[in-house]
Amino acid sequence: MAEQQSKPEETEKKPSKKRLIIIIAAVLLLLGGAGAGYYFFMGGGKGEDTKHAKDDKHKTDEHSPADEEDSQKHGEVKSFIYFDMAQPMLVNFPKGAGASLVQVTLSFLVDSEEVSAALKKHEPMLRNNLMMKINTQPPEELKNKAGKEALRALILEEVNQVLSKMAVKGRVSEVFFTGFVMQ
């Protein structure tokens, strides 16, 4: 009889230890998750600092180091915005050229919302001027990296000329080909 009474007591103790371990593990996981959530939501991560560091990488050489020091002293942070052209530009080349057409999709790095709004407002003029510039380029040169870089510089110059012609304060800092197809 003594054996029968001790066996049920032993079986009751083992499940209670397992339950206790499971409960402790669950509490620790919950506390760890809550602590991690608090850390990230309250700004403990480097998310904002990383954003500003990425923005600084996109600054061009036209800004002098003195300008950057002055803006840092006054607490100003230069932020950039991407403006994507609504549709890709499709440009035909004359017969006998090395390619018959090129399709270019462009994005611009601008320094303010005002410039972005001006680009959207004057997009028809930009598209016209850029299509004319692209059409003058020899297709053979556009097949290599140097030719594409030259076209990027040409587009940047043309876009900034349109902005100054329309009396827009601000400028485009960079031009990016987000799509470039030649046939």
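This is a dialogue on reading features of a predicted model.

Biologist: Which elements does the chain contain, and in what order do they run from the N terminus on?

Modeller: The chain has seven helices and four strands. Their order, starting at the N terminus, is α-α-α-β-β-β-α-α-α-α-β. Of its 183 residues, 26% are buried. Among contacts with a separation of 6 or more, 70% join residues 24 or more positions apart.

Biologist: How do I read the packing of two helices, and what is the angle between H4 and H5?

Modeller: Two packed helices are described by the angle between their axes and by the distance between those axes. Here helix H4 (residues 113-121) packs against helix H5 (residues 123-135) at about 70°, and the axes are 5 Å apart. Angles of 65 to 115 degrees count as roughly perpendicular, and H4 and H5 are therefore roughly perpendicular to each other.

Biologist: Which residues of H4 and H5 meet?

Modeller: From H4 come Leu119, Lys120 and Lys121; from H5 come Glu123, Pro124 and Leu126. The residues of this contact divide into three nonpolar, three charged and no polar.

Biologist: What should I look for in aromatic pairs, and how many does a search of the whole structure find?

Modeller: A pair of aromatic rings is described by the distance of the centres and the angle of the planes. The search of the whole structure finds three pairs. One of them, Phe83 with Phe108, is stacked, at 6.4 Å centre to centre and 10° between the planes. Phe83 lies in strand E1 (residues 81-84) and Phe108 in strand E3 (residues 101-110), so this pair ties together parts that are 25 residues apart in sequence. Both Phe83 and Phe108 are buried.

Biologist: Are the rings of Phe177 and Phe180 stacked or edge-to-face?

Modeller: Their centres are 5.2 Å apart and their planes are at 70°, so the pair is edge-to-face. Phe177 is partly exposed, with a relative accessible area of 22%. Phe180 also counts as partly exposed, at 22% relative accessibility.

Biologist: How do I read a nonpolar core, and which residues have the most contacts inside the largest one?

Modeller: In soluble globular proteins, nonpolar side chains tend to be buried together. The largest nonpolar core in this model has 26 residues, and those with the most contacts inside it are Leu106, Phe108, Leu119, Leu130, Ile155, Val159 and Leu163. Elements giving two or more residues to this core are strand E2 (89-92), E3, H4, H5, helix H7 (145-165) and strand E4 (172-182).

Biologist: Which residues is Leu130 in contact with, leaving aside its neighbours within four places in sequence?

Modeller: With those neighbours left aside, Leu130 is in contact with Met85, Met89, Leu106, Phe108, Ile155, Glu158 and Val159.

Biologist: Where does Arg152 lie, and which residues is Arg152 in contact with beyond its neighbours within four places in sequence?

Modeller: Arg152 lies in helix H7 and is partly exposed, with a relative accessible area of 21%. Apart from neighbours within four places, Arg152 is in contact with Glu174, Val175 and Phe177. Arg152 and Phe177 are 25 residues apart along the chain, and their C-alpha atoms are separated by 8.0 Å.

Biologist: How should I read the phi of a residue, and is that of Ala167 positive or negative?

Modeller: Most residues other than glycine have a negative phi. Ala167 has a positive value, near 60°. This residue, Ala167, is found in the loop between H7 and E4. Ala167 is exposed, with a relative accessible area of 69%.

Notes:
Residues numbered from 1 in each chain as written. Predicted model: local features only at pLDDT ≥ 70, side-chain atom pairs only at ≥ 80, totals over all residues. Heavy atoms only, no water. Axes fitted to C-alpha atoms, helices over the stretch in contact; angles between N-to-C directions. Parallel < 35°, antiparallel > 145°, perpendicular 65-115°, else oblique. Contact = heavy atoms within 4.5 Å. Nonpolar A, V, L, I, M, F, W, Y, C, P; charged D, E, K, R; others polar. Phe/Tyr/Trp six-rings, centres within 6.5 Å; stacked < 30°, edge-to-face > 60°. Buried < 20%, exposed > 50% of the residue type's maximum accessible area, 1.4 Å probe, protein only. Core = buried A, V, L, I, M, F, W, Y, C linked by side-chain atoms within 4.5 Å.
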